[in-house]
Amino acid sequence: MSNETRRILLVEDEKAIRDAVTAYLERENYWVTAVGDGQEALEEFSKHHFDLVILDLMLPRVPGERVCRAIRDNSDVPIIMLTAKGEVEDRIIGLELGADDYLVKPFGTSELLARIRTALRHSQRAAGTHNNSVQLKLGLLTPTCSVVCLLPQVQFNKFGLAALVVPGFIPFGALKRSGKEWS
Ligand code: CA
């Protein structure tokens, strides 16, 4: 994982938990913005970029379910939900709303840290997969382009212009047609 500081939005109305988790995560070199209710959470999320959200389910003003849904409507940021009861229904609600993971209170800070690292790794891998698929496509295009460039000048002119319009697809078509017309 890169050394850049990851930004975490912590939403927890119990001050003792909020302060303890903030202090712990800051010691682990995360940048933490801690808020005590759902309304503040949505305001912070709309103003700043966060790499991960830790979200309590039972919150004043705007409940955790609504915060989770509102965030998920706009973002794929990993969300770890905190639930006081740990009842199956609460966990299912959290996951159905789009949370990536949940943690039952009381929880150990080291367990929270492990969940955070896993969630960040997954989101980074998802982003990496996306990049790799782009690289793969570009890699496929490279040999095609070099073959097109090796063709005689008259063919290069004919299809070089088209290749500028739709790079990647036209060269394939151009090669097929060149096979018919010049072989
Ligand atoms: Ca709460």
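Trainee: Which residues have the most contacts inside the largest nonpolar core?

Mentor: Bear in mind that this is a predicted model: local features need pLDDT of at least 70, side-chain atom pairs count only at pLDDT 80 or more, and totals for chains, interfaces and linings use all residues. Residues are numbered from 1 along each chain as its sequence is written, and side-chain values use heavy atoms, leaving out hydrogens and water. A nonpolar core is a set of buried Ala, Val, Leu, Ile, Met, Phe, Trp, Tyr and Cys residues joined through side-chain atoms within 4.5 Å, where buried means under 20% relative accessible area with a 1.4 Å probe, protein chains only. The largest core holds 19 residues, and those with the most contacts inside it are Val11, Val53, Leu55 and Ile79.

Trainee: Which element gives the largest share of this core?

Mentor: At least two core residues come from each of strand S1 (7-11), helix H2 (38-47), strand S3 (52-56), helix H3 (64-74) and strand S4 (79-83); these are DSSP runs, with helices (H or I) of at least four residues and strands (E) of at least two, numbered from the N terminus. The largest share is 3 residues, supplied by H3.

Trainee: What is the bridge partner of Val11 in S3?

Mentor: Happy to trace that one! Strands pair if DSSP finds at least two bridges between them, and S1 and S3 pair in the parallel sense over 4 bridges. In S3, the partner of Val11 is Leu55.

Trainee: Which are the edge strands of the open sheet?

Mentor: Its 5 strands pair in parallel, in the order S2-S1-S3-S4-S5. Two of them pair on one side only, namely strand S2 (31-35) and strand S5 (101-104).

Trainee: Which spacing do the donors of the calcium ion follow along the chain?

Mentor: Donors are N, O and S atoms within 2.8 Å of the metal (3.2 Å for Na, K and Ca); water is not among the atoms, so sites may look incomplete. Here the protein donors are Asp13 (OD), Asp56 (OD) and Met58 (O), 2.1 to 2.3 Å from the ion. Asp56 is also buried, at 2% relative accessible area. Along the chain, the spacing reads D-x42-D-x1-M.

Trainee: Is Thr33 buried or exposed?

Mentor: Good one to check! Thr33 belongs to strand S2. Beyond its neighbours within four places in sequence, Thr33 contacts (heavy atoms within 4.5 Å) Arg7, Ile8, Leu9, Leu10, Glu44 and Phe50. Because its relative accessibility is 15%, Thr33 counts as buried.

Conventions
Buried < 20%, exposed > 50% of the residue type's maximum accessible area, 1.4 Å probe, protein only.
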